[in-house]
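Here's a quick tour for anyone meeting this structure for the first time. Have a look at it, then read on.

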Amino acid sequence: MIRKLLGPVTLLLLTGAPAFAQQTTGTITGRVVDQQGAAVPGATVTAKSSSTGFTRTETSDTEGVYRLSALPVGVYDVTADLPGFTTISKKDIEVNVAQTQAVDFALKVASVAETVNVTGASPLIETTASSVGGIVDPRTIESLPLNGRQFANLAATIPGVGLGFHSDPTKSTQYSPQIAGGNGRNLNYQIDGGDNNDDTVGGLLQLFPLEAIQEFNLITSRYKAEYGRSNGGVMNIVTKSGTNRPQGSFFELFRDTKMNAKTETEKITNVDKQQYRRNQYGGSFGGPITRDKAHFFAAVERTQQNTFQSVSTNGLFPSQDGIYPTPYTESLVTVKETTNISTAQFLSVRYGYNQNSQPYGVSPTTPQSGWGLSTNKFHSFNLNDNYVLSGARLNEFIFQYADFANAITANSLDPYQVFPNTVSIGQNINTPQATQQKKYQFRDDFSWHVSGMGGLGHDFKVGVNFINEPHLFLTFNTGTGDYSYTHLDNSLTGPISVISLNGGSAEANTPMKQYAVYWQDDWRATDRLTLNLGFRYDLVTGMAIDQSKNPNFVILDKAGKAGALAGLAGFEDFGKTPAEDRNNYQPRVGFVYDLEGDGRDVVRGGYGRYYDFGYTNANILFAAVNATGIGAGTVYSVTNSNGIRKTDGTFFKVGDPITSIAQPNEAGGALPLNSHIASPRIKQPYADQVSFGWSRQVDAATAIDVDYVYSRGRDLGWRPAINQRDGNPSGPRHYSTLLAAYGSFSPASFTIDISNGRSRYNGINFGVRRRLEKNVQLSAWYSLSSARGTSGGGGDELSTANIQNHLDPFSDIQFGPAGRTDARHRISLAAVLHAPGGVQIAPIFRYRSSLPVTLTEGVDVNQNGVNNDIPTEAFAFDGFDANHNPIVKSLGSCTTVNCGRGAPFSQLNLRVSKGFRIGGTARVEAIAEMFNLFNALNPGGSSSAGATGFNGRRFTGTITNKTPNPDFLRPLTYAGDFQQPEQRVGQVGLRFTF
């Protein structure tokens, strides 16, 4: 199928088909008319950038329509000229990435040559695209308080976009935009048009210096067919280029203990405020190589942070309580060269480097021995060439190479132990591990304009994208140093429910290839109505792995072929020949209608299907380790949710000989294996999206936006562990008995990696935006939304441990609120105020209502051997009593997973700065910033310490001897803890520019 689709597109490329692409550039389009409103064909329209000399020219067609395609992001003067008419030049038209600016000209007849210069702001509302989203421009990036200088944080200024931490601990310091119920793993991140996605755990891959970021466009819904591998949104980031004038910058930002508040965890553990030191410094330099022809730009940034985490084991291991350092370092480098080869051809080449290190698995209840160290290194090389063949016809070619290496080492090899109060010690069970990615991308986009054909004209666009990832590599050794133990109560001598040991050396390479073709028609039916029509096809190869060396897969394959799995939910594809998902067809249709014809009052809407790349961690990653036949995984496993007993009938305790356990070992096969068995027909996840919106420009600087967005996700990656027991925690497992004729599972508690996950998002956004006018710039929005799914976390994540009924694993009880993203209410307010005396004041305020909490009864109610049963009643955290114990409020019946609720979040960040001119263009800006100005505690959060940030276990002990959990709904973290937003933190700095 892909060859049939690629053929015609390749033919278009070879024959010099006209083209247009704007994933790294922008467009100016409009009509040229006379004084009576009639079309003026043959007018010459020219856009010129005074800063780089870049020039592009087009001639208006028979309908008076012109289109200046693929303009590098920046500010242009646009001129319309025709003999016999007054020449009109419109100044300071801002071109943004992936957006189309409408600039119309009304020419007057002139008896003598005359030029009229008009200085006016760019349009506030896009009148030719039905997509939902927004631009974050250089003024916003440089003016607002930006903690950690991670540019993606500013996505929270766009209506409907939340902000959280990436939930994979390998990215513990990385913020993620939350869109349509996802937590940032289902976005397509593009840097200068190149793929910048982590194919192992999803989300943003490489970071870049903030000094190198020109702007970004975040499209949250209804994106065109040119955008793929995303069912949650698209972030187009463009890096800076040099100009004709040498320009540079240097900055230093500094934090110290004296500028910080004491964290709540430090207060609870009764320790002094710990040392806090952070230096963030760097700079940039760019300028001409040849004036109006070639330019260079470079930026570098370095972060060195020394902070500490207070740890308490709640009296279990007092010798391991204490204060532990959590150092973080990061280096970022970007170098870019751009060349105006001719008025028709523009070339850019960019190299990026990113290196960082930080602790892994940090928690207020885990001492340093249970942590690890995570190091990451990234390289990328990007080449972008756009070439106008004639008129508005253009070809854009992008090549990118990127590689990434992550390694996580263990701090100790001590036995791992975890307790109901979330205390854990010993070797982190996810260490040691490593991932590596090498990616080659080739992309070509084309388009051409055709006038008429049932309206003012059509802008056709076709393209191909190919990503070859020959090295997508993993090593993962789950706590092979010693046994691991799961306690049923908060004592060292109480019952234990799980004992396991792993062995072998896990490694696997899962090479991938990604193909895409698309067609897009932006049909301007009338002056007021534009239709966005598109179709896209994506194919991923590499998911259908050969698992014939995995004995557990062989059992299911034999059973499936024999018909023994017929009618069993989740097992539908076992027994079938492995095959890739090839039916990824994506129709997209949208409309935008200018109600008054003046670009000030616009309605828009549409429908689209959007396929994502199913990152391997949600699908085949660990199954691929089993597929090698090398052997790595569980070598010993005994579980009993009523407590493991010895042969003498007493409870087993840590330190007792393993040989004294009465139950048999459930992992004793020919090979040590992890629990994962992947479906032979993994599907790529997709979402059907519908949106409707309205924008109104209320004055020259202000617009309001209202958008409703619906998204229904299907075929999401899921890993249910469903080989559970039937009412006896020490009895036989259901599928081990049912399929005994086909072999014995080892380990017995297997996990099937399948594509049965679902999600649903409903949201309405109300926004107000005001560009800088009368010393005020403003962005404010409110969102009312609901995000639900089977994943347990965000709609783009997965859970393996929340299955309530192994005989009906996909029932409605599994479809609950999304743990990281289902906040009913979100508010964002960002402003830049120019005060007297050259002082600039810029606040950002964010609020969200409480997130869901995963509640469990704490004991094995249905006696299936898994301690994850939800309670009959739902509860919410309602603050603290006088003794700082959590107050619990009833919410009524608990009918789905994630039925509890935690605490709301609020934070006000403030930046105050003042610039001083020191001669010529040189300027120094003094900066003072305060994050979390009012020192909100923000209990719970959402982190790797606990997916929902609260202790959701209602009881401890066993079904026959359960005890109310005194820590029920106690927050696991607070502001200022690792991987949490900060307590009140001050920062001062200087930024020198010239």
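Predicted model: local features only at pLDDT ≥ 70, side-chain atom pairs only at ≥ 80, totals over all residues.

Residues are numbered from 1 along each chain as its sequence is written, and side-chain values use heavy atoms, leaving out hydrogens and water.

**Two sheets**

- Strands here are DSSP runs of E with at least two residues, while helices are runs of H or I with at least four, both numbered from the N terminus.
- Two strands count as paired if DSSP finds at least two bridges between them.
- Strands of a sheet pair through backbone hydrogen bonds, either parallel or antiparallel.
- In the sheet above, β30 (residues 484-487) and β31 (residues 496-504) run antiparallel, paired over four bridges.
- Within that pair, T486 sits opposite V498 in β31.
- Another open sheet, also with mixed pairing, has five strands in the order β10-β15-β16-β13-β14.
- Its edges are β10 (132-136) and β14 (194-195), each pairing on one side only.
- Here β13 (residues 187-191) and β16 (residues 233-239) run parallel, joined by five bridges.
- I191 has I237 in β16 as its bridge partner.

**The disulfide**

- Searching the whole structure for disulfides (cysteine sulfur pairs within 2.5 Å) turns up one.
- That disulfide links C894 and C899, with S to S at 2.1 Å.
- The torsion about the S-S bond of C894 and C899 is about -95°, so the disulfide is left-handed.
- Buried means under 20% relative accessible area, exposed over 50%, and partly exposed in between, using a 1.4 Å probe and protein chains only.
- C894 is buried at 9%, and C899 is buried too, at 14%.

**The whole chain**

- The protein chain has six helices and 54 strands.
- Along its principal axes, the C-alpha trace spans about 110 × 65 × 50 Å.
- Taking contacts (heavy atoms within 4.5 Å) with a separation of 6 or more, 73% involve residues 24 or more positions apart.
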